[in-house]
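Take a look at the structure below. We will walk through one part of its packing, step by step.

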Amino acid sequence: MKQDVHETIRNKRQYHTTPDPEAAKLGFRGWHTRGYLPHFDMPGVIQMLNYRLDDALPMSRQKEWAVLLNIKDELRRRARIEEYVDRGYGACELGHPNAAAVVENNWLQFDGRRYRLFAWVVMPNHVHLLVEVWQTPQSELLRNWKGFTTRRINHLFQRRGKLWQDDYWDRYIRDAEHFLKVRNYIENNPVKAGLVRSPEQWPFSSAR
């Protein structure tokens with residue numbers, strides 16, 4: 001798996017420019033990997049971001065979801081994993097309104113100052129965002145979002161330890177059609193998961 005990721009990174013670097021010196025000084029790395037998933041990090045890019053609670057793929061059900069990791073086609077693999085996560089496995093701390101509010105308010109606090117949010121949803125065990133990255137690398141944004149919400153939610157539930165999975169998934173937006181498709185996907189996620197009948201009914205989403 002790791003070998004495939006590094007090969008993907010090498011191939012993608014061939015047809016993408018690297019960050020200019022000033023962007024590199026800020027921490028932007030272009031195409032890179034933390035060892036598991038490919039990431040693309042450049043200023044001014046609009047990204048679809050997804051990250052999950054640590055137990056969204058429970059070890060007790062590993063036989064069910066492990067086979068999905070072996071699907072060769074990346075998009076099909078991602079779609080099947082997302083369908084599985086939408087079933088709502090794990091403790092689903094984000095299903096609690098107070099915990100979901102912590103995540104949403106943390107994003108909104110810096111919207112328009114460090115980045116621009118176009119769409120978002122807080123699901124019971126994962127989140128999706130559509131965000132324009134400005135001068136703060138997305139790896140730093142993710143680290144700050146996860147760190148702050150872990151501390152707050154752990155305090156809320158009187159729990160300790162890890163809350164989020166280590167890595168995250170990103171996909172940069174290619175054009176206006178892709179933008180609309182991703183925004184609709186994000187805001188319709190609660191409907192697709194069978195939690196509400198229309199996107200506007202979900203309380204922790206840009207759709208409302």
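Which residues do ring pairs link into a cluster? They are Trp107, Tyr115 and Trp145. Rings of Phe, Tyr and Trp (its six-membered ring) pair if their centres lie within 6.5 Å.

A word on the source. This is a predicted model, where local features need pLDDT of at least 70, side-chain atom pairs count only at pLDDT 80 or more, and totals for chains, interfaces and linings use all residues. Residues are numbered from 1 along each chain as its sequence is written, and side-chain values use heavy atoms, leaving out hydrogens and water.

The structure holds five aromatic pairs. One of them joins Tyr115 and Trp145 edge-to-face, at 5.4 Å centre to centre and 85 degrees between the planes; edge-to-face means planes over 60 degrees apart. Tyr115 lies in strand β4 (residues 115–122) and Trp145 in helix α6, so the pair ties together parts that are 30 residues apart in sequence. Helices (H or I, at least four residues) and strands (E, at least two) are DSSP runs, numbered from the N terminus. Both Tyr115 and Trp145 are buried, meaning under 20% relative accessible area with a 1.4 Å probe, protein chains only.

Now turn to the helices. Helix α5 (residues 97–109) packs on helix α6 (residues 138–157) at about 155 degrees, with the axes 10 Å apart. Axes are lines fitted to C-alpha atoms over the stretch in contact, and angles run from 0 to 180 degrees between N-to-C directions. The two helices are therefore roughly antiparallel, the word for angles over 145 degrees. Contact means heavy atoms within 4.5 Å. Among the residues making this contact are Trp107 of α5 and Trp145 of α6.

Terms used. Angles under 35 degrees count as roughly parallel, over 145 as roughly antiparallel, 65 to 115 as roughly perpendicular and the rest as oblique. Rings of Phe, Tyr and Trp (its six-membered ring) pair if their centres lie within 6.5 Å; planes under 30 degrees apart count as stacked, over 60 as edge-to-face and the rest as tilted. Buried means under 20% relative accessible area, exposed over 50%, partly exposed in between (1.4 Å probe, protein chains only).
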